[in-house]
Amino acid sequence: MNDDAVIIHHLLNYKLKNNIVIFTSDALTKVIDVLKMYSISFEIVGEARYTFLHNNYQVFLSRAYQALDKEYRVNRIVKKIELLDSKKLDQLLKIIEDFLHE
């Protein structure tokens, strides 16, 4: 997994596909601003390098992987739920609603 892509996906919710995040050159300013805001060191290959004394890269990398794991788990569950017949879906929804006190 591409660590940098995971962080960008986590911070900006850009789509992660084939271990990369693709965004337009217009979005680059937004990406740079967010990385600066969180003091995450980065390099724009062939252009510039931004290094912070208190680089938060590892902190956000850990958070990003935890969030990605939850995202994958939820997506797997949703795919399974979509395959349930109506009766089982109603039973599951009742359990979830009771759990959430709705």
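**Largest pocket and helix packing in the predicted model**

At least two residues each are supplied to the lining of the largest pocket by α1 (3–12), β2 (20–21), α2 (28–37) and β3 (42–44); helices (H or I, at least four residues) and strands (E, at least two) are DSSP runs, numbered from the N terminus. The model is predicted, so that local features need pLDDT of at least 70 and side-chain atom pairs count only at pLDDT 80 or more, whereas totals for chains, interfaces and linings use all residues. Residues are numbered from 1 along each chain as its sequence is written, and side-chain values use heavy atoms, with hydrogens and water left out.

The largest pocket holds about 490 Å³ of space. Of its 18 lining residues, Asp4, Ile8, Phe23, Leu35 and Glu43 are the closest to the centre. A pocket is here an open set of points on a 1 Å grid over the protein atoms alone, where a 1.4 Å probe fits, with protein on both sides within 12 Å along at least five of seven lines; lining residues have an atom within 4 Å of a point. The lining comprises 14 nonpolar, 2 polar and 2 charged residues (nonpolar: Ala, Val, Leu, Ile, Met, Phe, Trp, Tyr, Cys and Pro; charged: Asp, Glu, Lys and Arg; polar: the others, Gly among them).

The axes of α1 and α2 come within 11 Å and cross at roughly 90°, which makes α1 roughly perpendicular to α2 (65 to 115 degrees). Axes are lines fitted to C-alpha atoms, for helices over the stretch in contact, with angles from 0 to 180 degrees between N-to-C directions. Ile8, Leu11 and Leu12 of α1 meet Lys30, Val31, Val34 and Leu35 of α2, contact being heavy atoms within 4.5 Å. This contact involves 6 nonpolar residues, no polar residues and 1 charged residue.

Helix α1 also packs against α3 (residues 57–81), at an angle of about 75° and with the axes 8 Å apart; α1 is therefore roughly perpendicular to α3. On the α3 side, the residues in contact include Tyr57, Phe60, Leu61 and Arg63, and on the α1 side they include Asp3, Asp4, Val6 and Ile7. The residues of this contact divide into 10 nonpolar, 2 polar and 4 charged.

The structure contains 3 aromatic pairs, defined by ring centres within 6.5 Å for Phe, Tyr and Trp (its six-membered ring). One of them, Tyr38 with Phe60, is tilted, at 4.8 Å centre to centre and 50° between the planes; planes under 30 degrees apart count as stacked, over 60 as edge-to-face and the rest as tilted. Because Tyr38 lies in the loop between α2 and β3 and Phe60 in helix α3, the pair ties together parts that are 22 residues apart in sequence.

Notes: Points joined across faces, edges and corners; volume = space filled by probe spheres on them. Parallel < 35°, antiparallel > 145°, perpendicular 65-115°, else oblique.
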